[in-house]
Each structure stands twice: as structure tokens, then as C-alpha cells.
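The sequence and structure come first.

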Amino acid sequence: MNQTLQALEAQLNQTQALSEKLRLLDELYQFLRHSDLRRAGQVVEEMLVLSKEIAYPAGRGLALKNLGDFHFRQGNLPAAQGCLEEALSVLRRLGEFRGEASALNALGHFHYFQGNFPKALEYYLEALEVSRKYEHKVLEAEALNGVGLVQYTLGNHQEAAKYFLRSLALKRELGDHLSQAETLTNLGMVYLELGDLAGAAQLYRESLSIQQALGDRQGEASALRNLGVVFQRLGRVQEALDYHQQALQIASQLGSPQIRATCLENQGLAHVALGNLDTALELLQAAKALYQELSHRLGELSTLLQIGLLLGRKGQPDIAIQALQQGLELAEELGTQKLLLEFHQAIAGVFEAGQKPALALYHLRQALEIERKLHKEQQAQRTAALLAGFQVEKARQEAEIERLRSTELARANRELALAIESLREANAEKSRLLDKLRQQSAELERLARQDPLTRLHNRRYLEENLEREFAASKRYKFPLSVALVDIDHFKQINDTFSHQVGDDVLRIVGQILESGCRGVDFAARYGGEEFALVFSQTDLAGALIACERVRQRIEQHHWAALHPDLKVTVSIGVSCDPTLPNHEKLLAAADEQLYRAKRAGRNRVFPQS
């Protein structure tokens with residue numbers, strides 16, 4: 001048994017004062033909520049009963065706060081929010097500043113995991129203000145950690161590191177080693193995002209050392225799991241599996257189903273990377289079952305997504321779609337936009353591989369709409385979070401200046417100058433953020449006209465640009481040629497060698513087509529295994545030469561690298577008729593020539609020169 005848990009239970013057994021017992025039960029819940037949710041729920045029930053027996057309103061406020069957290073972890077979001085807001089109201093009315101700051105932090109956590117980052121930041125900053133006002137450093141450290149989490153999630157990694165480091169400094173000052181390990185883990189996440197995997201591994205090892213020294217087996221399992229994630233990112237999958245296995249053994253010994261579920265999920269992902277798909281599927285399904293037992297709906301969603309992707313990769317599209325649709329419905333129920341996006345993208349991929357373009361297009365459009373919405377909201381939230389952080393810093397600095405004014409006026413003036421410079425830097429940072437937002441908006445617009453598999457232009461781009469090219473050709477009397485390219489016997493390639501090989505063939509053909517284009521030409525994916533080539537200011541003879549060159553390059557490509565028995569050829573139809581009324585007719589003429597090439601035996605260009 002964990003030493004901290006043993007100490008808390010010993011104090012509870014020895015305590016007669018009911019108010020003190022409530023305080024200890026609150027601490028016990030904070031400890032159990034991460035590892036044993038069922039037992040944590042029993043502790044909350046005991047707190048509620050005890051607070052009624054002794055008519056202790058503050059105790060009821062603490063019990064409601066923990067009940068709200070318990071409901072949240074079970075996925076009962078309306079009940080969770082109601083309990084937390086009622087707890088805050090009770091504790092604030094009673095002037096219980098410690099409970100008020102704790103409830104504010106809990107509401108910050110609730111909104112953070114809901115993805116409502118502005119609201120989460122508002123509660124964390126209010127908790128920070130209350131804890132600083134009453135000089136409660138434990139809750140101040142927790143609030144700083146919460147602000148850091150919001151900044152990290154919004155991509156403000158330098159700001160996140162600043163708050164995590166302040167939280168860590170406070171925890172070290174308090175000698176709170178267990179909480180230090182949590183903040184070291186959060187700093188490790190920042191290092192991961194910044195690409196410093198070695199730094200992240202060092203922080204996780206430091207966290208592991210603290211957990212081992214304290215005898216905190218649950219924390220040790222979490223640290224080992226995090227190290228497994230780092231080594232998987234490093235591509236050292238076997239070492240990652242070893243860490244996940246160590247974590248799983250500890251979780252099994254402790255009877256900690258939540259950590260065990262996470263370890264099984266991570267092991268499954270590692271086996272996917274190794275290509276052990278059957279083993280990976282068993283592990284992910286085991287993890288899903290545990291998450292369902294725990295009523296951990298976010299964990300269930302995560303594994304459903306991975307299972308669906310894996311079944312699609314194994315060539316079982318019907319079962320894959322069933323799993324992904326189940327996850328999509330659960331994500332819609334919970335309102336988790338990021339997971340909704342990922343499920344739509346995954347379903348689109350399975351439908352596309354199964355040659356169901358209409359269904360794939362529907363889900364791709366849904367995904368794009370959600371992605372645009374998330375992108376817009378996140379950019380606004382990032383800017384707001386930065387400005388809110390700067391306002392907090394400004395207020396903190398101004399308070400410090402006022403405190404020192406009578407004895408250190410000169411020093412206070414220097415600090416004021418630093419505060420002004422910080423605001424100037426904030427404005428510069430805001431400008432940089434707005435520039436980045438514009439760049440990202442342009443990138444989204446580019447992605448809307450790009451085929452996600454081959455990275456070529458998509459049909460939308462083709463239609464828009466070919467119409468413009470055709471109008472210019474008519475107006476200025478220069479030639480315009482269009483070719484339609486179709487991969488021969490592509491369905492047989494998918495059926496014989498797998499859809500993964502089929503996807504690789506599409507990518508390589510797309511690369512060959514794009515590399516064969518001049519600066520004024522362009523290639524696009526027309527749909528399925530069909531591509532289009534647009535040759536600006538090129539007559540039929542020139543287009544036929546270019547297309548024959550492309551056909552030969554595809555035929556002569558080293559396809560054996562994908563599979564020893566694989567051979568790939570294409571049929572191409574070309575059109576260059578200035579008398580046609582519009583670009584659609586030009587495409588239709590190319591399609592007719594493509595049909596002739598196929599009837600003539602495939603692997604050729606028509607009309608023949």
C-alpha cells in the first residue's frame with residue numbers, strides 16, 4: 001500500500017473530531033480520485049453523510065466539490081457542473097477561502113477538460129488571486145499549475161513553462177515532493193511539444209525517482225508510462241514496450257484499473273508501430289473494456305478510435321465503421337469537438353479506401369468544418385489567454401511596487417519600467433499571434449483545395465483553375481490541353497496486395513505526375529484512381545509527348561519495393577479542342593480518349609501520335 005495512503009488512513013482511524021475527519025476525508029479523496037474511482041466515490045458519500053450529521057456547511061461544500069469531480073470523471077457532466085458551482089456558492093458565502101480557492105481550481109479543471117479554455121483560465125486566475133490574497137501557497141501552486149495547463153494546451157508553450165516553474169518552486173519551498181512530481185510531468189509535456197525528447201525523458205526520470213523514494217507505486221506506474229510514451233516518440237518501440245509493461249505490472253499489483261487501462265492502450269499503440277496488429281487489437285479491446293467498467297468515457301473514446309483505425313488497416317472496413325460510428329455517437333453526446341474531428345477523419349479514410357467516395361466526402365466535409373471552427377476558436381483563445389496572463393502579471397507587479405514604495409522607491413520605479421516593457425512585448429506578441437493566425441487561415445484554405453492522400457490539388461481546385469485557364473485560352477487564342485490518367489486494374493491491386501499498397505501506389509503515381517509538370521502546368525486527383533493533367537499553352541502534340549513520358553516513367557518505376565509481384569501501368573486520354581464550348585466539355589473529350597485507350601488494351605496514350 002502507498003505510504004501516503006497508509007498515513008491518511010491511520011490519521012482517520014485516530015481522529016475523533018468530526019470536522020478534522022472531514023478534512024482528512026477530503027485529502028483522501030484527492031489521493032484516490034486518480035487511481036481508485038470506486039473507492040473515491042465511497043469517500044464522497046461518507047463526507048456527505050458526515051457533513052449532514054454535524055450540520056457543518058463548509059464540510060458540505062467540500063463534499064459537493066468532490067462529488068462534482070467524481071461525476072465529471074464518470075462522464076456525468078451536467079451533474080458535475082451543478083455540484084461544483086453549488087460548492088463554490090456555499091464556500092464563498094461562508095467565507096471559507098481555502099474551500100473557495102479549491103472549488104475554483106476544481107471548476108478550472110472541469111472546464112479545461114471540457115475544452116472551454118477561456119472559462120477554465122478565468123477560474124484558475126480567480127483561484128490564484130484568492131490563494132495569494134490569503135497566502136495559501138498549496139492552492140496557489142495548484143492554480144499556477146492549472147494556468148500552465150491552459151497555456152500549454154493552447155500552444156503558448158513558453159508561458160506554460162513559466163507557470164509550471166513557478167508552481168514547482170512553490171512546491172519545493174513547501175517540501176511537497178509528491179506534488180512536485182506532478183509538475184515535473186507537466187514540464188515534461190512542454191518539452192515533448194517543443195521536440196526536446198531527451199529533456200522530457202530527464203524530467204520524467206526525476207519524477208520517477210521522487211515517486212520511488214516516497215514509495216508511491218501509483219505515481220511510479222504513471223512515470224513509467226510517461227517514459228514509455230517518450231521512447232515510442234523516439235522510435236525505440238521495444239524500450240517503450242518495456243516501460244509500459246513495468247507500469248502495467250505495478251497497476252495490476254495495486255488493483256488500479258485506470259492506470260492499467262492506460263498502460264494497455266499504450267502497449268496496443270506500440271504493437272501497432274511494430275506491425276503486430278492482432279496483438280495490438282487484443283490490447284486495445286482490453287483497455288476499452290476497462291474504461292467502460294470505470295465509466296471513463298474519454299478513455300473509451302480514445303480506444304474506440306484506435307480500434308476503428310486498426311480494423312480499417314486490417315482490411316475489415318465494416319467492423320471498423322461500426323466501431324468508429326459508435327465512437328462518433330459517444331463523442332457527439334459528450335460534445336468533444338477534437339474527438340469528433342478525429343472520428344470523422346477516420347471514417348472518411350475507411351470509406352475512401354472502400355471506394356465509397358460520397359460517404360468519404362461527407363465525413364471529410366464534416367471534419368473540415370469542425371477543424372475550421374476549432375482553429376478559429378483556439379486562435380482567439382490563445383490570444384485571450386496570453387493577454388489574461390499579462391494582466392495577471394501586471395497586477396502582481398503593481399502590487400509588489402506598492403508594497404515596496406515607502407522603502408524602495410527607486411527599485412519600484414525600475415520594476416515599473418520592466419512592467420511597461422512587458423506590456424510592450426505583449427503587444428508585439430499579440431501582433432505575432434495575429435500574423436500566425438493569418439498564415440494558418442491561408443494554410444486551411446490551401447488544405448481545402450488539396451487531396452489529403454496524394455497531396456495533389458483536388459477536384460475543386462481543378463474545376464476552378466481549369467475554368468479560368470479555358471477562358472484565357474479562348475480569349476488569347478493559345479492552345480490548352482487536358483489529360484485524364486487512370487491506373488489500370490487498380491481494384492485488383494487493392495484486392496491482391498491490400499488497400500495500404502493501393503494507397504502507396506496512388507501517392508507514388510501522384511508524385512510522378514507532379515514531377516512531370518512544368519511551372520505553368522498542374523496535376524490534380526480527379527477521383528478514386530483517376531488523375532488530371534492540365535498543360536497550359538500546349539498543343540495536342542506537346543501534350544501527347546509529355547503524357548507518353550509520364551506513362552513510361554510509371555511503367556518503369558521500381559514497384560517491387562512495395563511488393564515483389566506488383567506492376568503498375570496507366571491509361572491516358574488527351575484532349576485539345578479550342579472549339580469546345582467550355583472546360584467541362586474539354587474534360588469529357590479527354591475522358592472519351594481515356595475510354596478508347598482502355599478499350600485498345602490499356603497502358604497507352606490516346607489519341608495515338
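## Sheet, pocket and selected residues

Strand S1 (residues 480-487) pairs with strand S3 (residues 530-536) in the antiparallel sense, and the pairing runs over seven bridges. The model is predicted. Within the sheet, Asp-486 stands opposite Glu-530 in S3.

The sheet is open and has five strands, in the order S2-S3-S1-S4-S5, with mixed pairing. Its edges are strand S2 (522-527) and strand S5 (605-606), each of which pairs on one side only. Helix H21 (residues 459-476) packs on this sheet and touches S1, S2 and S3. The direction of H21 makes about 125° with that of S2.

H21 also takes part in the second largest pocket, where it supplies at least two residues of the lining. S2 likewise supplies at least two residues there. The other elements that each supply at least two are helix H16 (297-313), helix H18 (337-353), helix H19 (357-404), helix H22 (490-497) and helix H23 (499-515). Which of the elements gives the most to this lining? H19 does, with 10 residues.

The second largest pocket holds about 1900 Å³ of space. Its lining consists of 50 residues. Ala-348, Glu-352, Leu-364, Asp-451 and Pro-452 are the lining residues that lie nearest the centre of the pocket.

| Residue | Relative accessible area | Class |
|---|---|---|
| His-111 | 7% | buried |
| Cys-83 | 12% | buried |
| Cys-517 | 19% | buried |

The value for Cys-517 is 19%, and Cys-517 therefore counts as buried, the cut-off being under 20%.

His-111 is placed in helix H6 (residues 97-114). Apart from neighbours within four places in sequence, His-111 is in contact with Gln-81, Asn-116, Phe-117, Lys-119, Ala-120 and Tyr-123. At 7% relative accessibility, His-111 is classed as buried.

How many disulfides does a search of the whole structure find? The search finds zero. A disulfide is a covalent bond between the sulfur atoms of two cysteines. For Cys-517, the closest cysteine sulfur is that of Cys-547, at 9.4 Å, which is too far for a bond. The cut-off for a disulfide is a pair of cysteine sulfur atoms within 2.5 Å.

Key:
Residues are numbered from 1 along each chain as its sequence is written. This is a predicted model: local features need pLDDT of at least 70, side-chain atom pairs count only at pLDDT 80 or more; totals for chains, interfaces and linings use all residues. Side-chain values use heavy atoms; hydrogens and water are left out. Buried means under 20% relative accessible area, exposed over 50%, partly exposed in between (1.4 Å probe, protein chains only). Two strands pair if DSSP finds at least two bridges between them. Helices (H or I, at least four residues) and strands (E, at least two) are DSSP runs, numbered from the N terminus. Contact means heavy atoms within 4.5 Å. Axes are lines fitted to C-alpha atoms, for helices over the stretch in contact, and angles run from 0 to 180 degrees between N-to-C directions. On a 1 Å grid over the protein atoms alone, a cavity is a set of points where a 1.4 Å probe fits but cannot get out, and a pocket is an open set with protein on both sides within 12 Å along at least five of seven lines; lining residues have an atom within 4 Å of a point. Grid points are joined across faces, edges and corners, and a volume is the space filled by probe spheres set on the points.
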